[in-house]
Amino acid sequence: MTVLGIDLGSRQAKFAAFEGEELLWMKDFPTIPFYRKFGSIVDGNLQLDFAAMDLAEADKIDQVPIVVTGYGRNTLALENARVIPEIQAHIAGARWQTGLDSFTLLDLGGQDSKVARLENGILNDFVMNDKCAASSGRYLENMATVLEVSLEEMSQHAANPVSLDATCGIFGESELIGKIIEGHPVERLCAGVNQTLIKRVMPMLHRFPRDTIVLTGGVAKNSAFRQMLQEAAGADIVVPENPQHNGAIGCALLATKEQHQ
C-alpha cells in the first residue's frame with residue numbers, strides 16, 4: 001500500500017511517497033505559495049487540496065495513510081493523518097538514507113536547528129534551537145540577499161572568513177553591512193557568514209558524541225559549511241542523498257511501519 005509523508009517546513013512543504021521500503025516519488029513547494037494555492041481553513045483547521053498539487057495518484061492520496069511533521073504539523077486537519085515530532089521523523093529518515101544505527105544528527109532547517117543522538121537504533125537525547133533563526137537556512141538566505149549573491153555562491157567560500165560576532169540574525173545583517181562598508185571582499189564575507197553557523201551549532205554539538213554526524217536540511221547542500229563543520233567537529237560528515245526531504249521520508253517510513261504492525 002502507498003503511504004505519504006509530509007514535512008510542513010517553515011520554508012518548504014516536502015512530500016515523500018513510499019510503497020513498502022521503496023521510495024516512489026518526492027515533491028516540494030515553497031511554503032507561502034503552497035498554503036495560498038493549496039490550503040484552506042475549515043472549522044479552524046488547515047485542509048489541503050491534493051488534487052491541485054499535480055501529485056502522482058492525487059485522487060487517491062486523501063485515502064492513504066499519512067504521517068505529518070514540521071513547522072505546520074499541528075495546523076493540518078486530515079482524517080487519516082497522524083502528527084509526529086520532528087526529531088522522530090528526521091531520525092527515521094536519516095537511518096533509512098544512511099543505513100547507520102549510531103550517529104549524531106544535525107538538522108538545519110529553514111528557521112530552527114536540531115541535534116539528536118542515536119545509539120544502536122535508540123534515541124538517547126536531543127536538543128532544539130527554535131528561539132532564533134540565526135543558525136538556520138533562513139539566516140543564510142537573508143545574508144546572501146544583503147551580499148547580493150546566490151546561495152550557491154555563498155556555499156563556495158570557506159577561506160579567510162571575516163569575523164562576524166552578532167548572535168542575532170537581525171543584528172547580524174547590520175554587522176554584515178558594516179563589514180561591507182569597511183571594504184572586505186565578498187568571498188571573505190561569504191566565508192564569514194558560513195563560519196557564524198559553525199559558531200552557533202558547535203555549542204549544541206558539544207554535548208553529543210561526534211564520531212559521525214549526519215547532516216540534513218537545506219544547509220547540508222552548503223559545501224563550505226560542510227568543510228568548516230568537519231574541521232570544527234573533527235567528525236565524519238555524512239550527507240544523505242535527499243537531505244531536504246529527510247523529514248518527509250521519515251514520516252512515510254513510519255507510516256509504512258504502522259501498516260505492518
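Me: Is Ala232 buried, exposed or partly exposed, and what is its relative accessible area?

Reply: The model is a predicted one. Within it, Ala232 belongs to helix α8, and beyond its neighbours within four places in sequence this residue is in contact with Ile198 and Met202. Buried requires under 20% relative accessible area and exposed requires over 50%. Ala232 therefore counts as partly exposed, with a relative accessible area of 38%.

Me: How far apart in space are Ala232 and Asp54, C-alpha to C-alpha?

Reply: In sequence, Ala232 and Asp54 are 178 residues apart. Their C-alpha atoms are separated in space by 43 Å.

Me: Which element gives the most residues to the largest nonpolar core?

Reply: The largest nonpolar core holds 36 residues, and those that touch the most other members are Leu106, Leu147, Met154, Val193, Leu205, Phe225 and Leu229. Two or more residues come from each of β8 (103–108), α4 (137–147), α7 (186–205), β11 (212–216) and α8 (223–233). With 10 residues, the element that gives the most to this core is α7.

Me: How many residues of α7 are buried?

Reply: In soluble globular proteins, nonpolar side chains tend to be buried together. Helix α7 is mostly covered. Of its 20 residues, the number buried is 14.

Me: Is Thr31 buried or exposed?

Reply: Thr31 is found in helix α1, which covers residues 31–38. Residues up to four places away in sequence aside, Thr31 touches Gly9, Ser10, Arg11, Gln12 and Ala13. Its relative accessibility is 8%, so Thr31 counts as buried.

Me: Which residues make the nonpolar surface patch of about 250 Å²?

Reply: One member, Leu123, has its place in strand β10 (residues 122–129). Leu123 is partly exposed, with a relative accessible area of 38%. The residues that make the patch are Leu123, Phe126 and Met128.

Me: What is the phi of Glu148, and what is the phi of Asn160?

Reply: Most residues other than glycine have a negative phi. Glu148, in the loop between α4 and α5, is exposed at 73% relative accessibility, and Asn160, in the loop between α5 and α6, is exposed at 57%. Neither is a glycine, yet both have a positive phi. The value for Glu148 is about 60 degrees, and for Asn160 about 50 degrees.

Me: Is Gly109 buried or exposed?

Reply: Gly109 lies in the loop between β8 and β9. Leaving aside neighbours within four places in sequence, Gly109 is in contact with Ser136 and Gly137. Its relative accessible area is 16%, and the cut-off for a buried residue is under 20%, so Gly109 is buried.

Terms used: Residues are numbered from 1 along each chain as its sequence is written. This is a predicted model: local features need pLDDT of at least 70, side-chain atom pairs count only at pLDDT 80 or more; totals for chains, interfaces and linings use all residues. Side-chain values use heavy atoms; hydrogens and water are left out. A nonpolar core is a set of buried Ala, Val, Leu, Ile, Met, Phe, Trp, Tyr and Cys residues joined through side-chain atoms within 4.5 Å. Buried means under 20% relative accessible area, exposed over 50%, partly exposed in between (1.4 Å probe, protein chains only). Helices (H or I, at least four residues) and strands (E, at least two) are DSSP runs, numbered from the N terminus. Patches are made of residues with over 30% relative accessible area and no salt bridge: like charges are joined within 9 Å, nonpolar side chains (Val, Leu, Ile, Met, Phe, Trp, Tyr) within 5 Å. Accessible areas come from the Shrake-Rupley method with a 1.4 Å probe; for residues, only the protein chains shown count as cover. A salt bridge is a side-chain nitrogen of Lys or Arg within 4 Å of a carboxyl oxygen of Asp or Glu. Contact means heavy atoms within 4.5 Å.
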